[in-house]
Amino acid sequence: MNSENLESVELSERLHLNYSGVIEIHPTETWDQIRLKLKSCNEKFVRKEPTINDRLLYELHCMSCHTLDGNKKIGPGFADLRTRKRTVTRDGRSDIVTTDEQYVRESILQPQAAIVRGYEKPNRMVDIRKTLNKKQIGALMKFFIELKPKE
Ligand code: HEC
């Protein structure tokens, strides 16, 4: 028992609180009572919701591999994400795609479905569904779908 949070401890007659904070219960006992009076606490209970701030999500989960300008990192830069056609490999075949909403969605949810030319190896994009919840993924989707090309 951690007495730091306790105002007082009331034990029924045959219970005994020993010096190391352990309540000893007699083996023949079938009914005992322990009343703990807790210290009041000013801290509010705050539930921590995972962030849905799109910019922050990008910084935490995507920025290590993608820039928002044209610079390549481990993955392509996003400056022209919505404006330039891509050559991708899909099912082992080369294909030219427009980066419409559906393509952006697929790139995020199933990054291995269509691999951008030049990024076949060795670093693969992670499956973000393992680390982010639905709301977070929704926020990120919106961010990238609405991404304007850099002037
Ligand atoms: C470990 C590195 C890594 C991380 C982290 C990562 N990606 Fe990727 N991403 C890649 C690579 C490599 C490619 C290119 C290969 C491919 O098409 O899958 C790519 C491709 C993409 C594409 C297609 C880009 C294009 O030019 O067509 C999008 C969109 C994308 N990623 C979004 C994201 C988002 C959103 C996140 C964060 C939630 C993210 N990525 C995190 C490595 C990463």
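The following legends describe close-up views of a predicted model.

Local features are reported at pLDDT of at least 70 and side-chain atom pairs only at pLDDT 80 or more, whereas totals for chains, interfaces and linings use all residues. Residues are numbered from 1 along each chain as its sequence is written, and side-chain values use heavy atoms, with hydrogens and water left out.

**View 1. Domain layout of the protein.** The protein comprises domain 1 (3-38) and domain 2 (54-145), with bounds that come from an automatic or database domain assignment. Taken over C-alpha atoms, the centres of domain 1 and domain 2 are 59 Å apart.

**View 2. The shell around the ligand.** The ligand is surrounded by 26 residues, each with a heavy atom within 4 Å of the ligand. The closest are Cys-62, Cys-65, His-66, Tyr-103 and Met-125. The elements α2 (101-109), β7 (114-116) and α3 (134-145) each contribute at least two residues to this shell; helices (H or I, at least four residues) and strands (E, at least two) are DSSP runs, numbered from the N terminus. The shell consists of 18 nonpolar, six polar and two charged residues, where Ala, Val, Leu, Ile, Met, Phe, Trp, Tyr, Cys and Pro count as nonpolar, Asp, Glu, Lys and Arg as charged, and the others, Gly among them, as polar.

View 3. A polar side-chain atom of Tyr-103 is 2.4 Å from a ligand oxygen atom. For Arg-86, an N or O atom of the side chain lies 2.6 Å from an oxygen atom of the ligand. Val-116 instead presents a backbone N or O atom, 3.0 Å from a ligand oxygen.

**View 4. The largest pocket, in which the ligand sits.** A pocket is an open set of points on a 1 Å grid over the protein atoms alone, where a 1.4 Å probe fits, with protein on both sides within 12 Å along at least five of seven lines; lining residues have an atom within 4 Å of a point. To sit in a pocket, a molecule must have more than half of its atoms within 2 Å of the grid points. The volume, the space filled by probe spheres set on the points, is about 660 Å³. Of 29 lining residues, His-66, Pro-76, Ser-107, Pro-111 and Met-125 are closest to the pocket centre. Helix α2 gives the most to the lining, with four residues.

**View 5. The second largest pocket.** This pocket holds about 160 Å³ of space. Its lining includes Arg-84, Arg-86, Val-116 and Arg-117, and divides into three nonpolar, three polar and five charged residues.

Definitions and conventions. A polar contact is a pair of N or O atoms within 3.5 Å; within protein, one must be able to donate a hydrogen and the other to accept it, and residues adjacent in sequence count only if both atoms are side-chain atoms.
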